[in-house]
Amino acid sequence: MSHETLTHNVHHEHPDDVGSRNRLGVILILVADISFALSMMFVFFYLKSQNVNDMWLPKGDGEHPAIQPLSSSPAWTVTLIAALGMALHYFGLRSARSGNQSGLKGASLLAMLTAIVASVMQWNTIATAPFTFHEGTYVSAFYLLTIMNQVHLFLTVFISFGNWNRARMGLYKSNYWHVDIVNVWWVWMAVSSALGAFCLSMA
């Protein structure tokens, strides 16, 4: 009785090839997300300029108080925290490029914590808003922008946790293209938050 030995040729792709495809995927996601964010800005200013039936900031009546735009200070505070997280992550990226694993792990952890703080503050802004969705077009636009930013921050917390965990496990010692990709996301998230804060400043 004969036995045949089957030899399997396993082909491992070069990490740079895998990283290139992943970067392309992130770029396509960003293009879609940037288009969505810009459309939200257009909607905000379009609704404000049209002010159909004076519903941008409805005047009060016997049953409902007048709607007043909220201060944009909380939005700018969230943006500043996001910018701090972006800077921390970039420091981690520079540490990875120089082979400083301790710097990478520390910066990744701090960046994740800033994303958590910004996310909590954004949620507090949404939860404490003194109106509901149906109370005028400004209110609808306010929720569109703040919820979009909240989703971005939730994603940033998730991504940052994965980035920190991989750094903690020492997976970036030989190749750190994941950190480069996460840096692109951090930049866009901070810019997107600033755009939202700008819109709310113009209400």
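**A helix and a pocket**

Ser-160 sits in helix α4. This is a predicted model, where local features need pLDDT of at least 70 and side-chain atom pairs count only at pLDDT 80 or more, while totals for chains, interfaces and linings use all residues. Residues are numbered from 1 along each chain as its sequence is written, and side-chain values use heavy atoms, leaving out hydrogens and water.

Q: Is Ser-160 buried or exposed?
A: Buried means under 20% relative accessible area, exposed over 50%, partly exposed in between (1.4 Å probe, protein chains only). Ser-160 has a relative accessible area of 3%, so it counts as buried.

Q: Which residues is Ser-160 in contact with, leaving aside neighbours within four places in sequence?
A: Contact takes heavy atoms within 4.5 Å. With those sequence neighbours set aside, the partners of Ser-160 are Met-112 and Trp-186.

Q: What does helix α4 reach from its first C-alpha to its last?
A: Helix α4 covers residues 137-168, which is 32 residues. At 1.5 Å a residue the expected span is 46 Å, and the helix comes close to that, reaching 46 Å.

Q: Which element gives the most to the lining of the largest pocket?
A: Lining residues have an atom within 4 Å of a pocket point; here they include Val-26, Asp-33, Phe-158 and Trp-185. Two or more residues come from each of α1 (15-50), α4 and α5 (177-201). The top contributor, with four residues, is α1.

Q: How many charged residues does that lining have?
A: Asp, Glu, Lys and Arg count as charged. Next to nine nonpolar and no polar residues, the charged count is one.

Terms used. Expected span 1.5 Å × (residues − 1). 1 Å grid on protein atoms, 1.4 Å probe; cavity = no way out; pocket = protein on both sides within 12 Å on 5 of 7 lines; lining within 4 Å.
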